[in-house]
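Colleague: I would like to learn how to read a structure like this one. Can we go through it feature by feature?

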Amino acid sequence: YWVDVIFDNSPQVYSVWEQGAITGSPAVDDPSQVELGMKFKSDVAGSVTGLAFYKGATNTGPFVGHLWTLGGTQLAAKSYTNNTSEEGWQVITFDAPVSISANTTYVISYYTQSGNYAASGGYFTAEVYNAPLRALATSDPDGPNGVFYYGAGGGFPTGTFGGGNYWVDVLFTPDAPIDTTPPTVLTVTPVNTA
């Protein structure tokens, strides 16, 4: 008999959205060249390894994924070509992870040459929190959220319209494992019903 144990010690990757989740339109009728993004921050320091975005059937690219500082400095860029009519989440992995600081706002975005992007209007009226990541509310001091830039080749997205969510997500790995162990009661003083 042969018995083998495989231990997966790869780091946990976190994102804001459940990759099956999307509401609104998967393909807005807008064939313009546009960069679409989301402002986010992390509770802990770590690295951004890439991004995901939802692609409708008529959003055929080509695409370029970006990570930016809040002030517009580009930290990473990666081209991605998927000229199919397949609908669903697409993943762009940067050539090297990019370190980010805790509690600091960044912008994750992608450029699409064909437009027809996914969108949900009025989405960022409240912060979206999926520990350790936060998608900012439009009322946040670093907001508003749901950002875009129209133009050939894309660029740093600063335009906004009604807190729209363009279904762009960050892929994040913390520097240290996050403790998800629930607390346990060790002692009670005074004892129950005392």
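Modeller: Start with aromatic rings. Rings of Phe, Tyr and Trp (its six-membered ring) pair if their centres lie within 6.5 Å; planes under 30 degrees apart count as stacked, over 60 as edge-to-face and the rest as tilted. Here Trp 17, Tyr 54, Trp 89, Tyr 123, Phe 124 and Trp 167 form one aromatic cluster. One caution first: this is a predicted model, where local features need pLDDT of at least 70, side-chain atom pairs count only at pLDDT 80 or more, and totals for chains, interfaces and linings use all residues. Residues are numbered from 1 along each chain as its sequence is written, and side-chain values use heavy atoms, with hydrogens and water left out.

Colleague: How many aromatic pairs does a search of the whole structure find?

Modeller: The search finds 17 aromatic pairs. A pair of aromatic rings is described by the distance of the centres and the angle of the planes. Take Trp 89 and Trp 167: their centres are 6.5 Å apart, their planes are at 80°, and the pair is edge-to-face.

Colleague: Which parts does the pair of Trp 89 and Trp 167 tie together?

Modeller: Strands (E, at least two residues) and helices (H or I, at least four) are DSSP runs, numbered from the N terminus. Trp 89 lies in strand E5 (residues 88-100) and Trp 167 in the loop between strand E10 (159-160) and strand E11 (168-174), so the pair ties together parts 78 residues apart in sequence.

Colleague: Are Trp 89 and Trp 167 buried or exposed?

Modeller: Buried means under 20% relative accessible area, exposed over 50%, partly exposed in between (1.4 Å probe, protein chains only). Trp 89 counts as buried at 17% relative accessibility. Trp 167 counts as buried at 1%. The backbone of Trp 167 also deserves a look: its phi is near 55°, a positive value in a residue other than glycine.

Colleague: Where else is there a positive phi, and is that residue buried or exposed?

Modeller: Look at Asn 103, with phi near 55°. Asn 103 is found in the loop between E5 and E6. Its relative accessible area is 53%, so Asn 103 is exposed.

Colleague: What is the secondary structure of the chain?

Modeller: The chain has zero helices and eleven strands. Of its 194 residues, 45% count as buried.

Colleague: Which residues have the most contacts inside the largest nonpolar core?

Modeller: In soluble globular proteins, nonpolar side chains tend to be buried together. A nonpolar core is a set of buried Ala, Val, Leu, Ile, Met, Phe, Trp, Tyr and Cys residues joined through side-chain atoms within 4.5 Å. The largest one here has 37 residues, and Phe 40, Val 48, Leu 67 and Ile 108 have the most contacts inside it. Elements giving two or more residues to this core include strand E1 (34-42), strand E2 (46-55) and strand E3 (63-69).

Colleague: What does Leu 67 touch?

Modeller: Contact means heavy atoms within 4.5 Å. Not counting residues up to four places away in sequence, Leu 67 touches residues including Phe 40, Val 48, Phe 94 and Ile 108. Across the chain, among contacts between residues at least 6 apart in sequence, 80% join residues at least 24 apart.

Colleague: Which peptide bonds are cis?

Modeller: One of them runs from Ala 131 to Pro 132, with omega near 5°. Another runs from Gly 143 to Pro 144, with omega near 0°.

Colleague: Where does pLDDT stay under 50?

Modeller: pLDDT is the predictor's confidence in each residue, from 0 to 100. It stays under 50 over residues 1-9, for which the model has zero contacts beyond four places in sequence. The chain averages a pLDDT of 88.
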